[in-house]
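Visitor: I'm new to this one. Can we go through it together, a piece at a time?

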Amino acid sequence: MMASRLSMQIYSIFFVLICLLSRSIAKNRNTLMELSFQEYFSILQTGKTFLVYFSQDDIMVFLEELEKAAEPLHNYGISVAKVNCANEEISRYCGKENDLTKAYLFRGNILLREFPMDALFDVNAIIANVLFALLFNEIKYINSLEDFENIENAMKGKTNIVLIYVKAIGTPEHRAVMETVFVYGTAYQFVLTTETALLERIGRVENSDMISGSLFFFHCKLVLDLTQKCQKTLLEQPLTILNIHRFLKLMDAPLLTEITEDPEKVSTIHLQLGLPLIFILSQQTTYEADKKTAETVAWHLLGKAGVTLLLKDSSNLNIPTDTNVIFKRAKEGVPVDFFVLHDIDSIISLVENNTPNQNNEPVKEYEEGEIEALNLDVQDDQVVETVYRDRKRKLPLELIIELTEETFNSTIMSTSRSIVLFYTNWEAVSLAFLQSYVDVAIKLKGTSNMLFARVNCGDWSNVCTKQNIIEYPVVKIYKEGEKPVIYTGMLETEYLLKFIRLNRISCPLKIMTIEEAEEYLNGELYKELTSYSSVSVLGIFSSNMTKEKENFIEAGNRLKGYVITGFYSEEDALILSKKYAVTLPALLLARHKEEKIDSILLSNSDVNDIVQIIKSASLEIFPEITVENLPIYLSLQKPLLILFRDGNLNHKDEKEMLPLVKQKYLETFIPCWLNLETTPVGRGILKAYFKHLPPLPLLVLVDLHSQGQVSAFPLDQTLNEKNILLWLQKLEAGLENHITTLSNEEWKPPLPAYNFLRRMDATNPFKDINGFSTQKMCKNN
Amino acid sequence: MALLKGAPGLLLTLTLHVALSLSPFPNASFFPHWDYCILGAGPSGLQMAYFLGQAGRNYVVFEKAGAPGSFFTRYPRHRKLISINKRYTGKVNSEFNLRHDWNSLLSHDEHLLFRHYSKAYFPHANDMVRYLGDFADRLSLQVRYNTAIVHVTLSKNQHAWNGHFFILTDQKGRSYQCSVLFVATGVSVPNEINFPGSEFVEGYESVSVNPEDFVGQNVLILGRGNSAFETAENILGYTNFIHMLGRSRIRLSWATHYVGDLRAVNNGLLDTYQLKSLDGLLETDLKHLAIVKDSKGRLHITLPVLMDEPIKNVTAEAISLPEDEIDNFAMRVPYDRVIRCLGYKFDFSIFSKALGLAPKKGRKKKYPWIKASYESKATRGLFVLGTASHSVDYRKSAGGFIHGFRYTARAVHRLLEYRHHGIPWPSTVHPITQLTNAIIRRVNEASGLYQMFGVLADVILLKENATGFEYLEEYPIRMLAELETLSGREAQHGLFVVTMEYGKNFSGPDKDVFYYDRAVGEVEDAWQSNFLHPVIYYYQCLPTDMEVMFPTPGWTLPRPVAIHHIVEDFLTEWTAPLSHILPLRRFLENCLYTDLRAFYAESCFLFALTRQKLPPFCQHGYMKMQGLMGNERLRRHGIESGLMEDYTTMDEQPADQKPGVPRIPNHPSQHATSIKEEL
């Protein structure tokens, strides 16, 4: 009887459910029956299918689930009953005391299966297991690719295969599959596996352990050549009865249909199921080629959209002449769209870009109340908020001359050196920086011959346009007879001060004598400035090296305000070349802090090379990472090996780290250290890595540029050269675990915006009277 | 050749034309040639001349009179301009101040601002004449005075920019050749209506302006516009009464927001009518009107149907009048004077049929039919500027007036710079972090958007992956579909269009614009703003021609993917951090699907070491060594607001926060429904 029902080709699962449901309500047998032993015995004689639970002492949780399963199972013709072993004379199914009680599946008086309690952990598991036991003919369980290939070969030219992967037996996905199999029965060959390896080999590889279920449709019926593989289509939605049902219906629908009537009036299964329909326009002369194209498109869009060939010349339809594709949405009353598309890919992307909820994540539509709860009106920009909170403070702006459209040119022209801040008085970043700018003006008051000025672009828009200000804020230094220099450093007091001070001297300096060159290198020349530049660079050229000298001068110009540069190209330049044992042209780098002079050869270097050489020469080998300098080191694109310290480096650290740093092995890293006292935000970083503050010092490897993995040197080991090397080697070999992987999430909008378009539509429904659809995609590209 | 039929100077042109085709050089001709010719040295002609001069183009202006602005030497008849000369706004931003300066032309010369020419809020017309004279002189504009072009025709030439030259002939029969022709002749022909007895009517252009001439008279004025009311205003205290007759209801410009409708400065008669002082307004179609004179020379109003046949010189006594049938007929008293003030139309007469310069249909028939690019429908290279170009925005915006067409002339010039000289529409390129700033700056100062609302719009073209954008100012909205080919700029990665608009149901002759609660203050209700306010449209690609040409009624632009209204502001100052800037940022973020907030360097530092990706502000600033440090005071504010964390006091206890996500980047991605996702 069960088999006969199974063999029925019932296409609408809803129809079945409704019929079964109404029947069951009529008979009111959809609940868990409690049977006496006598009743149980007589029922077995009816030949019906029964799931009977022999209960020693009631496990409430299980009974609840069993009760929930009673109604659905009843719809499949399976009754559910409980026999209380305590009240009745002992049946052999009651088991011994202390034994785990079990549930048993009978058809008539034949025992089909016994289920241990832990297999029936919830209602889904109960239904899935029971149906699985009954439908052993309809669904085959396999665990290797070979098993599958055998089935595939056997079904070629006969039956299509539905291959399902579920993470485990008894999951909600498994239940959905079993309920589907119950309805479709032998219409397809169903195959079930729980092997991730199999899933991966079939073709769905990414994160297979994350997938709770997967369903492939293998189009084997069409395959007549046994050496050919069956084409497969993946169900891209989660395994629910509805999704599987829809999917199978789509797989059954003809791949390509042909019509001649008005696309507006056509209705197909795709539209009924909420999918779009694509019409590919064809005419008699190109029919064969168009059909081929349409078939290719149809294969690509299988399960996502319907594809129809529309014969233009046999219909007198009102279609724009150059249109070749028509797009019809499932939503009723929405007019079709006309497109001119040049390749298959654009048709496919048309559909894919048009399918809402591709990840099946329902897009959240905000209700009025919800939007309010989000506090869209609350400021979440820290710069704007801090500036706003500080708005009543009076800054001593009198130290800074405000330039206007009338005064700008005359002031700049008549002043030997001036610095100008371009800002607007409504822009927060400008205003935050204005405070630092004022601080610089205060610090330099009376000591500098630099004119401090500002231009409010909100007032003097034309000045800013003429000065090519495309963002706020911008600082420029104007010097008589020179091109203005744009400040490109940190928007901060000290950095700007340093820039201004270094700008006092012209860079590169022309050094006139050997003695002067020596003074320059040992920091006596411009003594007051050497603290602002980590190195002083001296380019040495023989007098005939004009091109090389020009390049160096240009590079020096570019680094003006950041590094002190000078050059020497007198007749006796060879003296320097001999002294520092380097051939010309060359760079000498004086590191004043370390009292060291390095030399670098400059052969065939262009301006950019020279800038790069000088920049990297200014880097330290074991730097203290700070908020200010991190970007330079990050730009080297290497993993950071950071020693977190609560205070300054001590001798011990240096003893262990410095020799290590100089080793070749660490060349692939940037060894550095971070002082939590001077860079307190380091605590926030540690917290992000460890969720709490670990004991310090601590060595951490942060690989920002590949996977975002963070690893920490084991806390139980002593931080010494040998252990560190060992740890790094283990890491490289993949023997050490990472503490955390940094999120690679994009920076999305922090909050939604008011959807005015929807509000407008709600008040005054948008009518597309002209037949152009709303702009939802870009046509023609 | 047939094209020249009936043209004056036909013989000369014919011979010259033959000579032209015989010339060994294809481009040579006997006529003096200019790349650009402008007809008329009025405000729009001079404005275009200025732009051409600045660009170093080869151009000339033809002016029939001996000085610029000859129209203003006679009109308005009562000499009071009704365009506002607002000398003080409390602001120094010169672009902003142009929003309230309706008389100046655009130039780089600060002296050429109208406020230096008159102190009057409604200045005297003579000041305009003086101003235009100075404008032409100071900027050394190339004007040929006393040269009245009496005929314009085409001469095909495959080497010409547009496939033809424009051949202009002046009153002395001299001809000139131009590659591009700008018609800036204004509307100069008085509108007349022919009805029985219209010969008794005096015209605005010639009626006496001396009020003494109207003492104790009954006056009927035909027309409803500013000239009609201006005429009435002048004689109000001298007449017995004034009746005004017009076809349609009165359109008050404060209600329609159209400056061409009746301005309050002229509407004294409305006051006396409604305050029962014998003056009055009547509505009827002037075509159904007839005037007959009685033996005393007084004028009686009747209907053509009552005059059995149009007999010349019938007298009022000889025919039946309406009041014979209806004894309370409103116009039963005879009038001493009937004055026609029906406006002006474009003079089509000098243009050869070959140019196809035809009147626009319907109530815009007084203007030539042109495209939204101000180019003639039929002839490439023929542009209409100034008042005559008002068909583009008649009864909508300010394109028929100096404070509007000074911007459209600039737009036309920019289009031509690209078409003929390959110079793309001027633009500035900015990093994406400046998007909110760029829009806020423009909506607060741009005068072209403010004056030419609904006609000109700023266009923001996004760069690939929305890393930056290109800003184009004051592009003609209706040419949006063709932006790429007309401007030479690329719009492949989405765009924003910034316009200014009144509320959808706030403008109209019957609207009450003073109703209680008319101003919207809530950000959430910004889309219902009534007063002129900024509106930003987002498109993922350029709309098509059809979409632009036929937008849904009530919409200026095609339906966008998303739209934002910045809430109307009493001071038209859109710089409030919470009410104006924040909602705009949220809108832009959700269109671009990114986070456009600014961060201090410390936050960027934290993100750089705890996340693989950085927000655009940190990428653009901090990572390029240009982070914003902020001082201790600002830091304290940040900590107090909860948007920044105090790491110095961070304790050893695990906080109940998500690792790597302190409060600053509060990132409720589950909320982050963007407009993109909704597609």
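Visitor: What do the side chains of B:K613 and A:E746 do?
Guide: They meet in a salt bridge, with N to O at 3.0 Å. Keep in mind that this is a predicted model.

Visitor: How many salt bridges are there between chain B and chain A?
Guide: The count is six. For polar contact, 41 residue pairs are found across the interface, both residues at pLDDT 80 or more. On the side of chain B that touches chain A, the residues divide into 56 nonpolar, 34 polar and 21 charged.

Visitor: And how many residues does the contact take from each chain?
Guide: Chain A gives 112 residues and chain B gives 111. The two chains bury about 10,200 Å² between them, and 61% of that is on carbon and sulfur atoms.

Visitor: Which residues in chain B lose the most area to chain A?
Guide: B:R559, B:L609 and B:Q612, which together make up 8% of what that side buries.

Visitor: Switching to A:D381. Where does that residue lie?
Guide: In chain A, in the loop between α13 (368–373) and α14 (382–389).

Visitor: Which residues does A:D381 touch, leaving out those up to four places away in sequence?
Guide: B:R585, B:R597, B:A598 and B:L643.

Visitor: What does its side chain reach, then?
Guide: The side chain of A:D381 reaches the backbone nitrogen of A:V384, at 3.0 Å.

Visitor: New topic, the backbone. Where are there cis peptide bonds?
Guide: One joins A:Y472 and A:P473, with omega about -5 degrees. A:P473 is in the loop between α17 (461–466) and β19 (474–479) of chain A. Another joins A:L696 and A:P697, also with omega about -5 degrees. The place of A:P697 is the loop between α26 (681–690) and β28 (698–703) of chain A.

Visitor: What about phi at B:E474?
Guide: Phi there is positive, about 55 degrees, although B:E474 is not a glycine. B:E474 sits in strand β19 (residues 468–476) of chain B.

Visitor: Is B:E474 buried or exposed?
Guide: Buried, with a relative accessible area of 2%.

Visitor: And what is phi for B:Y593?
Guide: Near 55 degrees, a positive value in a residue other than glycine. B:Y593 is in the loop between α15 (577–592) and α16 (601–610) of chain B. With a relative accessible area of 24%, B:Y593 is partly exposed.

Methods:
Residues are numbered from 1 along each chain as its sequence is written. Chains are lettered from A and ligands numbered from 1 in the order in which they are written. This is a predicted model: local features need pLDDT of at least 70, side-chain atom pairs count only at pLDDT 80 or more; totals for chains, interfaces and linings use all residues. Side-chain values use heavy atoms; hydrogens and water are left out. Helices (H or I, at least four residues) and strands (E, at least two) are DSSP runs, numbered from the N terminus. A polar contact is a pair of N or O atoms within 3.5 Å; within protein, one must be able to donate a hydrogen and the other to accept it, and residues adjacent in sequence count only if both atoms are side-chain atoms. Contact means heavy atoms within 4.5 Å. Buried area is the accessible area (1.4 Å probe) that two parts lose on being put together, summed over both. A salt bridge is a side-chain nitrogen of Lys or Arg within 4 Å of a carboxyl oxygen of Asp or Glu. Ala, Val, Leu, Ile, Met, Phe, Trp, Tyr, Cys and Pro count as nonpolar, Asp, Glu, Lys and Arg as charged, and the others, Gly among them, as polar. Buried means under 20% relative accessible area, exposed over 50%, partly exposed in between (1.4 Å probe, protein chains only).
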